[in-house]
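Colleague: I am new to reading protein models. Could you take me through some features, one at a time?

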Amino acid sequence: MSSATPAPWPGLPAAAPPHLVPAPAPDADTGPGSGSQDLPRGSDYAQLSRLIRQAGLMHRRPGYYSWKITATALLLAAGWAAFILVGDSWWTVAVAVFLGVIFAQMGFLGHDAGHKQISGSRRANYLLGVLHGNLGIGLSYGWWVDKHNRHHAHPNTEGADPDINIPAIAFSADQARRRGRGRLRRLMLRYQGFLFFPLLLLEAFQLHTASFKAVIGRASKHGPAEIVLLATHMIAYLAIVLLVLSPVKAVVFIATQQGLFGLYLGCSFAPNHKGMAMLSAGDRSDFLRRQVLTSRNVRGNWLTDLALGGLNYQIEHHLFPSMPRPNLRHSKAIVAAFCRQRDVPYTETSLMRSYVLAVRHLHEAGRPAPRPPAPTPAPARP
């Protein structure tokens, strides 16, 4: 007799490993004749959500996050220790590369805290978020959570998704037509596909600037703790760099470390939605289709999961934002099979192919065809 966990729904695989599947409570509505596995109930998303919960995939993973947070913090400390030990040397450029990677990994943990993946306590997630974001890498956790939640609610939706409301880039032909005023502006949009990755080198500086504007704004909703921690990071960062390095080396270190940090973040987020369906402001798609049709998964292995912070399972993440990161890969088979049964396109590709598709989309969006002239009204009959 097989010991495999039975499929939670006819025709769908049991993707979760046995240690994630909880034993049903004595009074749980899951037994024979309860109807929970006999007839679908509710919307498509409600049915999928039941499958995911029955597989135990929404359960917290405190063990995983304990070692992940500890290891990342130790690597961050080791990076700064190496920076001090190397001293005023050009070898600090190598340390800058290492710290650029670790800053991005800190950002992924802040992302998980923002989605309440780490803990069931709102206060604990907030504390972890400001420590990783404000203090660890100099980004406002509160500002980012507000912005990112709006993205999740309206992915790739014009006028609603802040991630496609970036002045430097047009994500649709309509945006290109509206923003392409002036010769230089049209030229930049025309070649934005080629400029996309170089522009990501400035992403970290843009995020720092937006964070400071958010926390010191007159109508800021962010508490004094965020301001203090953000200021502490910036002062400590600049102080240690300027005390250890000569001015020229300090500039090179900051440009390298922050540039690679922004490039890494951008390369982790770019495959997820760029080149996928763009929705109009009046779109009325249901939640499941809105999330799946605008998202793209990236194939890979454990190294891909590590490098992209679990964002390679973008479809599953958008459907279940609070699902702990290590559970996303276990939910993939369930979600993919469910989408196939309902003829919902489920997009997955390689990492390099995702970049090609993203750049191609930006290239085409930046070169919109001119609007057809409005038809001339027929002259009125005498």
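Predicted model: local features only at pLDDT ≥ 70, side-chain atom pairs only at ≥ 80, totals over all residues.

Colleague: What does "partly exposed" mean as a reading?

Modeller: A residue counts as buried under 20% relative accessible area and as exposed over 50%, with partly exposed in between. Asp174 has 30%, so it is partly exposed. Arg177 is partly exposed too, with a relative accessible area of 29%.

Colleague: With which residue does Asp174 form a salt bridge?

Modeller: First the general idea. Side chains of opposite charge can pair when their charged atoms come close. Here, Asp174 forms a salt bridge with Arg177. Their closest N and O atoms are 2.9 Å apart.

Colleague: How does the helix come into this pair?

Modeller: An α-helix has 3.6 residues a turn, so residues three or four places apart point the same way. Asp174 and Arg177 are three residues apart in helix α6, so about one helical turn separates them.

Colleague: How many salt bridges does the structure hold?

Modeller: The structure holds 10. One of them joins Asp163 and Lys147, with the closest N and O atoms 2.8 Å apart. Asp163 lies in the loop between α5 and α6, and Lys147 in helix α5, so the pair ties together parts that are 16 residues apart in sequence.

Colleague: Which residue does Glu348 pair with?

Modeller: Glu348 forms a salt bridge with Lys332, and the closest N and O atoms are 2.5 Å apart. This pair links distant parts of the chain. Glu348 is in strand β2, and Lys332 is in helix α15, 16 residues apart. Glu348 is partly exposed, at 24% relative accessible area. Lys332 also has a relative accessible area of 24%. There is a network to find as well: salt bridges that share partners join Asp44, Asp286, Arg289 and Arg342.

Colleague: Now the overall fold. How many helices and strands are there?

Modeller: The protein has 16 helices and two strands. Of its 382 residues, 47% are buried. Now look at contacts between residues at least 6 apart in sequence. Of these, 70% join residues at least 24 apart.

Colleague: Which residues have a positive phi without being glycine?

Modeller: Asn156 and Asp343 are two examples, each with a phi of about 55°. Asn156 sits in the loop between α5 and α6. Asp343 sits in the loop between α15 and β2.

Colleague: How do I read a nonpolar core?

Modeller: Look for buried nonpolar residues whose side chains are joined. The largest such core has 41 residues. Trp80, Phe83, Val241, Phe253 and Phe261 have the most contacts inside it. Elements giving two or more residues include α2, α9, α10 and α11. Helix α3 gives the most, with 10 residues. A second, separate core has 21 residues, among them Ile52, Leu328, Cys339 and Tyr346.

Colleague: What does Val241 contact, leaving aside its neighbours within four places in sequence?

Modeller: Val241 is in contact with Trp80, Phe83, Ala250, Phe253 and Ile254. Not counting residues up to four places away, Ile69 touches Leu109, Ile118, Leu128 and His132. The C-alpha atoms of Ile69 and Gln105 are separated by 9.7 Å, though these residues are 36 apart along the chain.

Colleague: And which residues form the nonpolar patch on the surface?

Modeller: Leu184, Tyr191, Phe194 and Phe205 are among them. Together, the residues of the patch have about 830 Å² of accessible area. Helices α7 and α8 each give two or more residues. Leu202, also in the patch, lies in the loop between α8 and α9. The protein exposes about 19,400 Å², and carbon and sulfur atoms supply 65% of that.

Terms used. Residues numbered from 1 in each chain as written. Heavy atoms only, no water. Helix = DSSP H or I, 4+ residues; strand = E, 2+ residues; numbered from the N terminus. Buried < 20%, exposed > 50% of the residue type's maximum accessible area, 1.4 Å probe, protein only. Contact = heavy atoms within 4.5 Å. Areas by Shrake-Rupley, 256 points an atom, 1.4 Å probe, with all protein chains shown as cover. Patch = residues over 30% accessible without salt bridge, like charges linked within 9 Å, V, L, I, M, F, W, Y side chains within 5 Å. Salt bridge = Lys/Arg side-chain N within 4 Å of Asp/Glu carboxyl O. Core = buried A, V, L, I, M, F, W, Y, C linked by side-chain atoms within 4.5 Å.
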